[in-house]
Number of protein chains: 2
Amino acid sequence: MKKPGRPDIPRKTIYRLSIYLRCLARLRENGIGTVSSEALAKAAGVKPTQLRKDLAYFGTFGTRGLGYEVAELTKKIADELGTSRFQPVILVGVGNLGLALLSYRGFEKEGFEIVATFDSDPRRKRDKEIKQPIFGMDALPQFIREHNVRMAILSVPATVAQEVANTLIDCGVMGILNFAPIVLSVPEDVMINNVNLAIELENLSYFIQG
Amino acid sequence: MKKPGRPDIPRKTIYRLSIYLRCLARLRENGIGTVSSEALAKAAGVKPTQLRKDLAYFGTFGTRGLGYEVAELTKKIADELGTSRFQPVILVGVGNLGLALLSYRGFEKEGFEIVATFDSDPRRKRDKEIKQPIFGMDALPQFIREHNVRMAILSVPATVAQEVANTLIDCGVMGILNFAPIVLSVPEDVMINNVNLAIELENLSYFIQG
């Protein structure tokens with residue numbers, strides 16, 4: 001999917017930008033102001049040539065012999081990824097996996113806040129308390145429009161995932177992190193990232209067979 | 001990575017086999033005994049030609065006009081994926097994400113049981129109780145050997161992920177589901193599946209920018 005006015009950056013580069021961002025955050029925490037491409041590449045587990053190529057996609061080149069300013073490169077990558085602004089995210093499907101995801105603090109740390117959750121049975125007694133409100137599915141359209149939500153985490157059962165995805169997209173959601181073990185059909189301008197934890201384990205299981 | 005004595009099945013096919021398995025499970029729950037390749041493909045969100053090609057990798061062909069026996073195809077795929085046997089899994093790193101993963105019941109449902117957890121600080125007070133024991137890292141080698149563990153979930157901080165992965169691999173672990181935002185260097189016969197939830201969201205964030 002090409003974005004207007006931006007170079008066509010490969011998806012793997014986008015992933016690596018996220019990894020560089022985490023390495024840079026660690027350098028800042030340790031009070032380090034500049035980093036060579038060799039050192040940053042090593043921390044990220046890539047070759048220096050790969051790092052330089054990835055950063056060149058958006059016109060960032062280190063100064064020869066001086067490397068990169070940690071603060072400046074952090075800002076450039078965050079701007080590029082669109083994470084320097086606050087991004088409200090909703091979570092749909094508050095079952096076991098939904099609850100597990102809500103207890104994961106990594107999202108917030110990275111600038112994403114799950115602002116509300118939705119479930120077909122919002123009043124059902126759950127194993128643990130969550131800080132976000134749980135609304136019924138009928139509240140979804142108005143909430144998305146009023147809060148200008150563009151990203152959703154989908155942790156509903158596979159049987160209803162497509163239907164819920166359709167509703168989300170109709171209301172203006174452009175990116176879905178899908179945990180349902182199903183291939184969603186969506187319009188071309190909507191981005192789906194699929195994560196299925198059991199499938200990842202099953203996939204490993206195949207490869208480790210003797 | 002080619003497995004001895006088996007055809008070189010593409011990784012995407014292995015993923016789709018997991019999806020077919022879930023569709024078949026739903027058919028069984030609904031008391032359906034046979035399914036056409038068209039119906040199964042539709043449920044899985046793939047083209048019928050893709051389904052037939054995927055199944056042909058391990059010599060399974062439907063009977064023309066009759067389709068596939070649901071029970072038989074389930075067993076064949078589970079055997080192929082290595083999930084028809086019980087697979088003990090350990091989880092290393094009982095922080096927020098580790099706790100979240102332990103509360104996700106999807107692993108067990110799919111035939112994987114997290115039998116034990118390990119952490120550098122096993123006695124630290126945690127937000128919630130878990131049913132598995134938490135051992136110190138020094139107990140890792142003996143446990144892996146005694147219980148013949150071949151799969152591990154790695155949810156430690158990025159700074160120690162490579163070191164912990166090395167220990168796991170030295171002790172005989174062959175597959176790691178890695179949640180640390182770092183690219184691990186491992187021997188060729190070890191399989192790593194990377195899952196980084198914050199990176200998945202960040203990646204979406206890039207693509208939904210206007």
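Asn148(B) is placed in the loop that runs between α7 (140–147) and β6 (151–154) of chain B, where helices (H or I, at least four residues) and strands (E, at least two) are DSSP runs numbered from the N terminus. The model is a predicted one, in which local features need pLDDT of at least 70 and side-chain atom pairs count only at pLDDT 80 or more, whereas totals for chains, interfaces and linings use all residues. Residues are numbered from 1 along each chain as its sequence is written, and chains are lettered from A and ligands numbered from 1 in the order in which they are written.

Most residues other than glycine have a negative phi. Asn148(B), although not a glycine, has a positive phi near 50 degrees, and Asn148(B) counts as exposed because 8 C-beta neighbours lie inside 10 Å; a residue is termed buried if 20 or more other C-beta atoms lie within 10 Å of its own, exposed if 12 or fewer, and partly exposed in between, with C-beta atoms placed from the backbone. In chain A, Asn148(A) is found in the loop between α7 (140–147) and β6 (151–154), with a positive phi of about 50 degrees, and Asn148(A) is classed as exposed with 8 C-beta neighbours inside 10 Å.

Chain A contains nine helices and eight strands, and 40% of its 210 residues count as buried. Taken along the principal axes, the C-alpha atoms of chain A fill a box of roughly 60 × 50 × 35 Å.

Within chain A, the axes of helix α1 (residues 11–29) and helix α4 (residues 70–81) come within 10 Å and cross at roughly 145 degrees, the axes being lines fitted to C-alpha atoms, for helices over the stretch in contact, and the angles running from 0 to 180 degrees between N-to-C directions. Residues of α1(A), including Leu17(A), Leu21(A) and Leu24(A), meet residues of α4(A), among them Leu73(A), Ile77(A) and Leu81(A), contact being defined by C-beta atoms, placed from the backbone, that lie within 7 Å. By class, this contact of α1(A) with α4(A) has 10 nonpolar, two polar and two charged residues, where Ala, Val, Leu, Ile, Met, Phe, Trp, Tyr, Cys and Pro count as nonpolar, Asp, Glu, Lys and Arg as charged, and the others, Gly among them, as polar.

The contact between the chains takes 54 residues from chain B and 54 residues from chain A. On the side of chain B that touches chain A, the largest share, 11 residues, comes from α9(B), and this side has 32 nonpolar, 14 polar and eight charged residues.

Technical notes. Two residues are in contact if their C-beta atoms, placed from the backbone, lie within 7 Å.
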